[in-house]
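Here are my notes for your review. Please read them with the sequence and the model open side by side.

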Amino acid sequence: MVKPPAVVLLSGGLDSTTTLAMANDQGFLSYALSFSYGQRHSVELEAAKRVADSLGVERHVIADFDLRTFGGSALTADIDVPKHDDAAEVSADIPSTYVPARNTIFLSFALAYAETVGAKDVFLGVNALDYSGYPDCRPEYIEAFEKMANLATRAGVEGSLLKIHTPLISMTKAQIVEQGLALGVDYSITSSCYDPDQAGRPCGHCDSCLLRLRGFAEAGLADPLLYQGAPA
């Protein structure tokens, strides 16, 4: 049986890695798409390469552009990444790590990639429970983009409608960890930190690290990553 192609957005973090494993498990032939967009570090891209090799993809593309042209985010400008001591301190307000229009840009690239490989499916690891409050991670945003995508493409106009899959959107981080482990994901090769050190070790205090750590703790597991300040 020929596997249907699907584009999977892959950052190299916990969520996107789990999403890739789920797409594979559902019988799709995965085309991974990562981005070098002027972010603070390249650690996540190295992780994405490891994940793509580990889980197996038909092709892994890294699209290169520079959102530092606009700035406006702690990930693309000289703005400190917010740090906390506990996940309970993560604010419900949209944090400075929000990159303006990032998922709209990413999904537009995914849409173009999908048309070129004949894919009707795009997988995106957004989450609307244990997340940092980004507006472009909400279900209503995904629904609106999907509608737009099917108005904006030859495939959509000709009746080959695109589906954006968000399998993690209503899952807790603990549930995501458990799902990934059940599918054989090796989380030691992933990277979620907004502000890792030069050795690639996560800080343990940014929103992404704290939510990840809480997810492992709530699943009754230890995060396999070595965090800054932890004994080697």
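**Notes on the predicted model**

1. Buried means under 20% relative accessible area, exposed over 50%, and partly exposed in between (1.4 Å probe, protein chains only). This is a predicted model, in which local features need pLDDT of at least 70, side-chain atom pairs count only at pLDDT 80 or more, and totals for chains, interfaces and linings use all residues. Residues are numbered from 1 along each chain as its sequence is written, and side-chain values use heavy atoms, with hydrogens and water left out.

2. How many aromatic pairs does a search of the whole structure find? The search gives 10. Rings of Phe, Tyr and Trp (its six-membered ring) pair if their centres lie within 6.5 Å; planes under 30 degrees apart count as stacked, over 60 as edge-to-face and the rest as tilted. Phe35 and Phe106 make a stacked pair, with 3.9 Å centre to centre and 5° between the planes. Phe35 sits in strand β2 (residues 29-36) and Phe106 in helix α3 (residues 102-117), so the pair ties together parts that are 71 residues apart in sequence. Helices (H or I, at least four residues) and strands (E, at least two) are DSSP runs, numbered from the N terminus.

3. Phe35, Tyr37, Phe65, Phe106 and Phe109 are linked into a cluster by ring pairs.

4. Another pair is tilted: Tyr141 and Phe145, at 6.3 Å centre to centre and 45° between the planes. The two are four residues apart in helix α4 (residues 139-152), so about one helical turn separates Tyr141 from Phe145. Tyr141 has 15% relative accessibility and counts as buried. Phe145 is buried too, at 5% relative accessibility.

5. Now the sheet. Five strands form an open sheet in the order β3-β2-β1-β4-β5, with parallel pairing. Two strands pair if DSSP finds at least two bridges between them. At the edges are β3 (59-64) and β5 (163-165), each of which pairs on one side only. On average, neighbouring strands of this sheet are turned by 25° against each other, direction ignored. Axes are lines fitted to C-alpha atoms, for helices over the stretch in contact, and angles run from 0 to 180 degrees between N-to-C directions.

6. Look at one pairing in detail. Strands β1 (residues 5-9) and β4 (residues 121-123) run parallel and are joined by three bridges. Ala6 has Asp121 as its bridge partner in β4. Helix α3 lies across β1, β2, β3, β4 and β5 and runs at about 145° to β2.

7. Next, the cysteine annotation. An unreviewed UniProt entry places the feature "binding site" at Cys193, Cys203, Cys206 and Cys209. These residues are spread over 17 residues of sequence but cluster in space, with a largest C-alpha distance of 7.1 Å. Of this set, Cys193 is taken in by the lining of the largest cavity. UniProt positions are given in the numbering used here, feature names are shortened, and annotations may be inferred rather than shown by experiment. On a 1 Å grid over the protein atoms alone, a cavity is a set of points where a 1.4 Å probe fits but cannot get out; lining residues have an atom within 4 Å of a point.

8. Where is Cys203 found? Cys203 is in the loop between α6 (173-182) and α7 (207-218). Cys203 is buried, with a relative accessible area of 7%. Not counting residues up to four places away in sequence, Cys203 touches Lys83, Cys193, Asp195, Cys209, Tyr227 and Gln228. Contact means heavy atoms within 4.5 Å. Cys209 is in helix α7 and is buried, with a relative accessible area of 1%. Leaving aside neighbours within four places in sequence, the contacts of Cys209 are Cys193, Pro202, Cys203, Gly204 and Tyr227.

9. Ser11 is in the loop between β1 and α1 (14-25). At 34% relative accessibility, Ser11 counts as partly exposed.

Conventions: On a 1 Å grid over the protein atoms alone, a cavity is a set of points where a 1.4 Å probe fits but cannot get out, and a pocket is an open set with protein on both sides within 12 Å along at least five of seven lines; lining residues have an atom within 4 Å of a point.
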